[in-house]
Every structure is written in C-alpha cells, then in structure tokens.
Amino acid sequence: MTARYVGIAAELREAILRGEYAVGARLPTEAELATRFAASRGTVRQAVAALVTEGLVGSRQGARRIVLGREPSQSFAELLSFARWARTMGYRVGGRVLEQRRRGADATEAVRLALQPGEQVLSVLRLRSLEGEPVMLERTVYAGWIAPAVERIDPGCESVTQALHDSVGPVFAYGEHLIDAVAAGVKDSRLLAVRRGSPLLRQRRVTTTHEGRPVEWSDDRYRAGGVTFCVRSSVDVNPLVRQPGDLRQAP
C-alpha cells in the first residue's frame, strides 16, 4: 500500500508542474494543506520534504515553502544513484557493462581510493541510457574489497547501487563530485553517438562508506542535452542539482 504522503506529494508536484504555483510563489501552510488533504501535519511535512529533495520547493524550515522551479531535480547534497534519479524523473533507464577487468591501480586511482599504486582494483565501463538513448558513459574503478560483489552483479543491471545494497547492505554514504567539460574522443563519440570533439560534461566522483572507506572512483561523461547541472542559490543553502536534458542528438 502506498504511503499517504506519497499521494499528497504527487498532487502537489503536478500542481507545480502545470503552473498552479508559479516559481517564487509560496505553498499553502502545513495547516492549510493538512485540512485540504484531510491528513496530519506530519504526513504533509513528509510530502513537502519529498518536493524539497526534488528541488521543486525551498528547504527553509519554519516558514511557508517557496516554489523554486518547475523541473524536478536531484540535489547533490543527497547521494542518489543515476538509475534512481532517472526513475524519479519518470524516465525509462538502462545500463549495460561494456568492459570489466581486474588490474592494478594507477597513481590517481590509488590516491582517490586510499590504495598503493598497483594494488588490485576492478575497472568497469558502463553505458547508461534514458528512453533508449545513450546519455552517459561510466568509467568506474572499485576498490578491491568491494570488487567481488560488483562482479556478481548482472551486466545489464539497472542500478548497481541498489544491487550492492541488496547483496552487501548500505555501502555508499558520502560523495565528492568534480565537474568539468571534455571533448569526446574516438571511443566516447562512437558509444554516445556524437561527433568526435563534441563537448561532454564530465562528473568525477569518489564515494565512501559511513566509516570513510573509499568504495569507488568514477569518471562519468554525459552527452550534451542528456542531463543538465545547475546551481540554485539562496541565503540558506546553495545546492548543485541535476536535471533532465532534452535528449536530442548532439550536432
């Protein structure tokens, strides 16, 4: 049975997306929403919190929430897998392992994963898609201690994060993201169906456990138009968020 707050969040989300609440407008108070939906204020608070997570409304406590945008997004303050993010956006998401092998860590990987150079890691190249269109290449290097669990995952698995959670428990707790742009090389252009030299948005990240133990170091390259990153500014918080792109082919 679906939790009550999920239905309330869905109704409020639809109202925002169709323009019933304009960007900059205030949502009704918790008391007003509780009356409208015949629900407790705690349930309403959960529903609004879901919209905060999606970046649709502001996160400031103790005041009426302000609508920030009309596109659902994911704050990088929340560690959310690509697959889970895509599903919250309503997209059909796909994933396919193209290459996977054990090898020695290079100097950069060793620093990021707190290893010695040459220590064994698992290198995986995975192609991700939205609505059947290739949008991102993941080059992920896993620390040796988690490698066996990754190798047991089906190559066509939609969400590696969820698969690891199901098999070994919660692994990912903290993430650091570095974002820049690179030109598509021969291999990237072929796999992402873009011209060689086309700009790709690169997100490099290192993820650790709750104890600070490095799990993975990844280089993710997004095709232009697939996903948009933006910064929303306020006096309270300045979240970097990920939004859907238009999915059109790059020229």
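Residues are numbered from 1 along each chain as its sequence is written, and side-chain values rest on heavy atoms, with hydrogens and water left out. Since the model is predicted, local features were required to have pLDDT of at least 70 and side-chain atom pairs were counted only at pLDDT 80 or more, whereas totals for chains, interfaces and linings use all residues.

Helices (H or I, at least four residues) and strands (E, at least two) are taken as DSSP runs numbered from the N terminus, and two strands are said to pair if DSSP finds at least two bridges between them. By this criterion, strand β4 (residues 133-143) has β3 as an antiparallel partner, joined to it by 10 bridges, and strand β7 (residues 214-223) as another, also antiparallel, over 7 bridges. Of the 11 residues of β4, 9 are buried, where buried denotes under 20% relative accessible area, exposed over 50%, and partly exposed the range in between (1.4 Å probe, protein chains only).

Arg128 is located in strand β3 (residues 120-130), and its relative accessibility of 3% is the reason that Arg128 counts as buried. The side chain of Arg128 makes a polar contact of 3.3 Å with that of Glu138; such a contact is a pair of N or O atoms within 3.5 Å, of which, within protein, one must be able to donate a hydrogen and the other to accept it, while residues adjacent in sequence count only if both atoms are side-chain atoms. When residues up to four places away in sequence are not counted, the contacts of Arg128 (heavy atoms within 4.5 Å) include Phe82, Val93, Glu133, Met136, Glu138 and Glu158.

Leu137 belongs to strand β4 and counts as buried because its relative accessibility is 0%. The bridge partner of Leu137 in β7 is Arg221. Apart from neighbours within four places in sequence, Leu137 is in contact with residues including Leu98, Leu125, Leu127, Asp188, Leu191, Leu192 and Arg221. The C-alpha atoms of Leu137 and Arg223 are separated by 8.6 Å, although the two residues are 86 residues apart along the chain.

Strand β7 also pairs with β6, in the antiparallel sense and over 9 bridges, with Val206 standing opposite Trp217 of β7. A hairpin is formed by β6 and β7, with 5 residues between them, and Gly212 in its turn has a positive phi of about 90 degrees. Strand β6 (residues 199-208) is mostly covered, 7 of its 10 residues being buried, and strand β5 (residues 174-183) pairs with β6 in the antiparallel sense over 10 bridges. In that pairing, Tyr174 is found opposite Thr208 of β6.

In helix α2 (residues 30-37), the residues Leu33, Ala34 and Phe37 are buried. They lie on the same side of α2 because they cover an arc of only 105 degrees around the axis, the arc being that of the directions from the helix axis to the C-beta atoms. An α-helix has 3.6 residues a turn, so residues three or four places apart point the same way. The buried residues of α2 pack against α1 (4-17) and α3 (41-53), and α2 is followed by Ala38, which has a positive phi near 55 degrees.
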